[in-house]
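The tour makes a few stops, each beginning with a selection.

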Amino acid sequence: MPNSKAEIMDTEIDHLDRKGSGRAVVWRDTGNENPRKLKLMVPKTLPGEKVRVSVENPKARRTKGRLEELLEVHPERTTAPCPHFDKCGGCAWQHWQYEGQLKQKTAHVKDALISQGFNPELVRDTIGMDEPWHYRNKMEFTFAPDGSMGLHEQGNFRNIIPLETCLIAGEEMTAAVMEVADWAKEYALSGYEKETHQGLLRHLMVRQSFVTGEIMLGLFATEGPDGNLADAADQLKKRIEENYPQVKSLLWLVNTDWADRTQAEETILLSGRDFIYDEIGGYRYRLWFDTFFQTNPVQAQKLIDLALEMGQPKETEKMLELFCGVGTFSLPFASKVGKLAGIEIVESSIESAKRNASDNGISNTEFLAENARMGIDQVLGRLGTPDILLLDPPRAGAGGKVMRKIGRAQPQRIIYVSCNPESFAVDVKELEQFGYSLKEVQPVDLFPHTVHVECVAIIEKKNI
């Protein structure tokens with residue numbers, strides 16, 4: 001029910017914002033010639049829908065509206081299957097038929113390219129999933145101060161929604177997570193309070209290999225599992241070992257830092273080993289709790305296949321990879337080129353990349369722990385001009401300085417793997433002054449029911 005002080009308004013959703021919420025504009029009569037524009041954010045709505053909303057702060061210029069009634073429904077609207085959808089911030093679009101989500105993601109990529117002057121016809125239709133549920137191989141859950149565990153509420157990061165299930169996580173992962181949640185309740189263990197920096201349990205990280213089936217559970221807490229916590233930790237170990245034999249790594253990770261991140265000052269192994277094995281495309285990888293690895297293995301394989309198809313690597317060629325991580329793209333490409341060099345700023349990831357190459361019998365690689373901008377010069381001095389350059393930067397993109405260094409290096413072909421269409425378009429624009437042309441962009445949906453979309457693109461030197 002709307003608040004008695006809220007104002008009821010009828011309006012039409014004209015577009016979606018970057019978080020997937022509907023946006024609308026209401027013109028307010030001010031009693032003079034100039035009406036005032038009120039910009040509304042209305043979660044769980046779709047473009048073109050006519051809605052009745054309640055607005056708590058109608059005098060603001062920008063505010064959030066609560067959906068009270070759908071007056072005209074989008075033809076692709078559907079019933080969200082998750083019982084937590086109305087509050088949980090994990091998914092934004094479960095109320096949208098999957099084909100509609102894919103069309104929106106294609107349009108998002110095209111709009112990003114248009115903003116930088118590129119031809120939107122370079123963008124293919126987004127590649128979706130046959131089964132867009134239970135696709136994630138890694139999730140992070142947060143403990144509320146009362147010890148319950150869940151995900152952050154949409155639009156209210158401070159509030160945690162206790163979960164009974166999660167339809168985008170693997171089913172075995174979810175079952176193991178619920179076991180830990182039940183254990184925490186039985187022992188009445190407190191959750192971490194961000195305001196006071198008090199409490200024990202902070203996060204639970206779970207990851208699972210879809211190929212080997214191995215699961216890792218990492219419990220982040222402000223104290224170690226000894227003293228008064230020894231019995232509780234021992235019981236957690238027994239419950240997991242007895243009920244979840246697929247859990248090959250059970251970790252207790254101490255984090256006393258005020259920053260709200262899944263980091264650890266100390267790692268205590270409760271059961272198994274401190275890593276699990278995963279595979280993509282026949283290559284085996286070791287994953288630790290802090291290893292970056294594609295969270296959707298089915299679609300990650302499509303990313304790799306697309307990159308190989310666009311790059312056309314040859315045995316006689318040399319390749320440079322920026323932001324190489326643990327070697328997700330490095331190993332498949334190294335098997336097809338004469339020499340590959342990878343650069344990554346995270347030292348633990350570089351050590352993993354070296355180990356993964358060795359584990360898979362690949363010996364034509366070198367990996368450097370350095371930021372991309374500084375590392376390029378070091379590697380090019382040894383490698384020479386690369387025939388292929390691949391980059392897979394974080395959401396912020398590679399940045400102008402890195403892109404200009406890429407342009408000056410003059411590789412024949414550049415493969416850009418992106419998780420952010422806006423930063424991708426800005427980065428690629430930098431290459432035009434160096435004689436490069438964007439040839440093709442293929443969006444891939446790695447995160448169904450969310451706003452995120454990945455892209456693989458090929459950029460080539462122009463024929464002069």
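A polar contact is a pair of N or O atoms within 3.5 Å; within protein, one must be able to donate a hydrogen and the other to accept it, and residues adjacent in sequence count only if both atoms are side-chain atoms. This is a predicted model, in which local features need pLDDT of at least 70 and side-chain atom pairs count only at pLDDT 80 or more, while totals for chains, interfaces and linings use all residues. Residues are numbered from 1 along each chain as its sequence is written, and side-chain values use heavy atoms, with hydrogens and water left out.

Select Ser249, in strand 12 (residues 247-254); strands (E, at least two residues) and helices (H or I, at least four) are DSSP runs, numbered from the N terminus. The Ser249 side chain reaches the backbone oxygen of Arg273 at 2.6 Å. Ser249 has 0% relative accessibility and therefore counts as buried (under 20% relative accessible area, with exposed over 50% and partly exposed in between; 1.4 Å probe, protein chains only).

Next, select strand 3 (residues 22-28) and strand 4 (residues 36-42), which run antiparallel and are joined by 7 bridges. Val26 has Leu38 of strand 4 as its bridge partner.

Finally, select helix 7 (residues 372-383) and helix 8 (residues 400-409), whose axes lie 9 Å apart at an angle of about 20°. Axes are lines fitted to C-alpha atoms, for helices over the stretch in contact (heavy atoms within 4.5 Å), and angles run from 0 to 180 degrees between N-to-C directions. Residues of helix 7 including Ile376 and Leu380 meet a group in helix 8 that includes Val402 and Ile406.

Definitions and conventions. Pairing = 2+ DSSP bridges.
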